[in-house]
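Here is a guided walk through one structure. Please keep the sequence and the 3D view open as you read.

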Amino acid sequence: MQLKFMTRRELLRTLSAAGLGSAFATRAIADAGTGGKVKELTPMAPNGRALYPARLVNGKVIQPERLLPIFAETDVLVVGGGPAGFAAAVAAARAGAKTTLMERYGYFGGLWSGGIVLVVISTHAKENGEKIKVMRGIGDELCERLTKIDGAIINQVPGKHNPTTDPEATKFMMDEMIAEAGVNVVLHSWATDVVMEGNAVRGVVFESKSGRQALLAKVVVDATGDGDIFAAGGAAFEQRLHAIGLVHRMGNVDRAELDKLKTAGFKSLGSLEPLSSVRWVNLRGPSTDGLDVKELSRLEMEHRRSIWKRIQTLRNTPGGEKLFLLQTAPQLGVRTTRLLTGVTQLTAADAKAGKKCADVVGVGGAQGANHVGWPIPYGALVPQKLDGLIAAGRCIACDTKWVEDMRLIAACLITGHAAGAAAAVAVQSQCQPRNVDVAKVQELLRKQGAFLG
Ligand SMILES: Cc1cc2nc3c(=O)[nH]c(=O)nc-3n(C[C@H](O)[C@H](O)[C@H](O)COP(=O)(O)OP(=O)(O)OC[C@H]3O[C@@H](n4cnc5c(N)ncnc54)[C@H](O)[C@@H]3O)c2cc1C
């Protein structure tokens, strides 16, 4: 490849054909802003930060009272950018609320994209013998938009349920939809506490490389998956131990000799992805406490070691020589920790019976699209006593028997959409989330394409 006499446009075209375009294009655009000269290592005034170190006094660590800079004020603050938080932020912003989405990592999608659990289960249910799509609105829009990108999604076609998406395409499309909706984004920021005013959550305290700051909001959506925000605000909750795994992806699967591997005892190489050469491999793991940092640290390393060994074994098995470990998930697979004690509790008995509720804000689907949908009451997203907050995703109020259905990605997209819409209505109506006119929330959700039965 002779690059010397090419214009930049020709160079980008050539690199793009070689599959290298976008990284170089980004670099080229960044360089263009400085007239082609990259000013690296330029001295700048150091980012000063107020010093409030904790003190060791008589063997006890004491943190002094301190003034926190207010980073921003917003109408709706969504904490956690997984499936639930993504849908909540887009819904609230589209409804006209000034919306901010905070995420501790550098990308959106939570366990879906970062935990590499790529199949969106429970998109459909069975009603009157017919398979119907219950995951409509923002979650379905994301999947539909992925169909326009080659290699981004499979099974998002009429007649099929539970589509599987590519993790990078999912992140890309979430970025697109979040930006289009005008959501303010705060990445690399970990919410560590709440700001309270009376009984209401009025924002969060968060940590980032910029130090500890506060972000104020009229309504906060807790989409952290673990209920970090409602727990910090003093809401009642229950806690569960659950299996914690680590997903990995394997490459060159299309070059493996499956018959030989089966003979050697390997029954499955994992689940299909849009890329035919790649499979994602689920791992259940031991049932333990997903809020215990010692356990999280132990499991990261133990799981990674066992995955590495498994791949080496496969590579040493006839038929598996070309397989390789493409990636272990950047996010450990924590399934369930805190469950909100809500105004209403979702129960397996009600869900299995498809029990209708007047405050329905979404309908969950069936894992195999083989039984009725389950109406989701708004009360399952609202804490029994704490104000200023709505929960969404895998930490909403639900009995143990229904957790396995409630925490699936499709259901989290649905409850996220509902929480975002309700937050926007609460802001517009200048009332607490528990006092919103649910009819207005339902009207908004229908307008935004959601299915309420
Ligand atoms: C191993 C495993 C396999 C699974 N397999 C499937 C499957 O095949 N199909 C399926 O449909 N579902 C599956 N699930 C379930 C599903 O992935 C999750 O339940 C779902 O992603 C939950 O969505 P969520 O938005 O509620 O939470 P999460 O996806 O956990 O997202 C929460 C987000 O909040 C962020 N966050 C957390 N705390 C803070 C904080 N304090 N401050 C700032 N940000 C914070 C996190 O970084 C994350 O991005 C699986 C789960 C696991 C663990």
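At roughly what angle do the axes of H12 and helix H13 cross? They cross at roughly 125° and come within 9 Å. The model is predicted: local features need pLDDT of at least 70, side-chain atom pairs count only at pLDDT 80 or more, and totals for chains, interfaces and linings use all residues. Residues are numbered from 1 along each chain as its sequence is written.

Helices (H or I, at least four residues) and strands (E, at least two) are DSSP runs, numbered from the N terminus. Axes are lines fitted to C-alpha atoms, for helices over the stretch in contact, and angles run from 0 to 180 degrees between N-to-C directions.

Stay with H12 and H13, residues 438-447. Their crossing angle of roughly 125° makes H12 oblique to H13. Angles under 35 degrees count as roughly parallel, over 145 as roughly antiparallel, 65 to 115 as roughly perpendicular, and the rest as oblique. H12 passes H13 in a right-handed crossing; a crossing is right-handed if the near helix is turned clockwise from the far one by less than a right angle, and left-handed if anticlockwise. On the H12 side, the contact is made by His-417, Ala-418, Ala-421, Ala-422, Ala-424 and Val-425. H13 brings Lys-440, Val-441, Leu-444 and Leu-445. Contact here means C-beta atoms, placed from the backbone, within 7 Å. By class, these residues divide into eight nonpolar, one polar and one charged. Ala, Val, Leu, Ile, Met, Phe, Trp, Tyr, Cys and Pro count as nonpolar, Asp, Glu, Lys and Arg as charged, and the others, Gly among them, as polar.

Next comes H6, residues 167-181. H5, residues 137-146, packs against H6 at about 120°, with the axes 10 Å apart. That makes H5 oblique to H6. The crossing is right-handed. Leu-142, Arg-145 and Leu-146 in H5 meet Ala-169, Met-173, Met-174 and Met-177 in H6. Six of these residues are nonpolar, none is polar and one is charged.

H6 also packs with H3. The axes of H3 and H6 come within 9 Å and cross at roughly 25°. That makes H3 roughly parallel to H6. This crossing is left-handed. From H3, Phe-86, Ala-89, Val-90, Ala-93 and Arg-94 meet Met-174, Met-177, Ile-178 and Ala-181 of H6. The contact has eight nonpolar residues, no polar one and one charged.

Now step back to the domains. The assignment gives domain 1 (70-240 + 337-447) and domain 2 (243-334); such bounds come from an automatic or database domain assignment. Their C-alpha centres lie 29 Å apart. The contact takes 16 residues from domain 1 and 15 residues from domain 2. On the side of domain 1 that touches domain 2, strands S7 (153-154) and S8 (164-165) each give two or more residues.

Where does the ligand sit? Both domains give residues to the shell around the ligand, so it lies between them. The shell holds 38 residues, and the closest are Gly-80, Gly-82, Gly-110, Gly-333 and Gly-393. Elements giving two or more residues are H3 (83-94), H4 (110-113), S10 (190-197), S20 (333-334) and H12 (409-429). The shell has 19 nonpolar, 12 polar and seven charged residues.

Terms used
Two residues are in contact if their C-beta atoms, placed from the backbone, lie within 7 Å. A residue is near a molecule or strand if its C-beta atom, placed from the backbone, lies within 6 Å of it.
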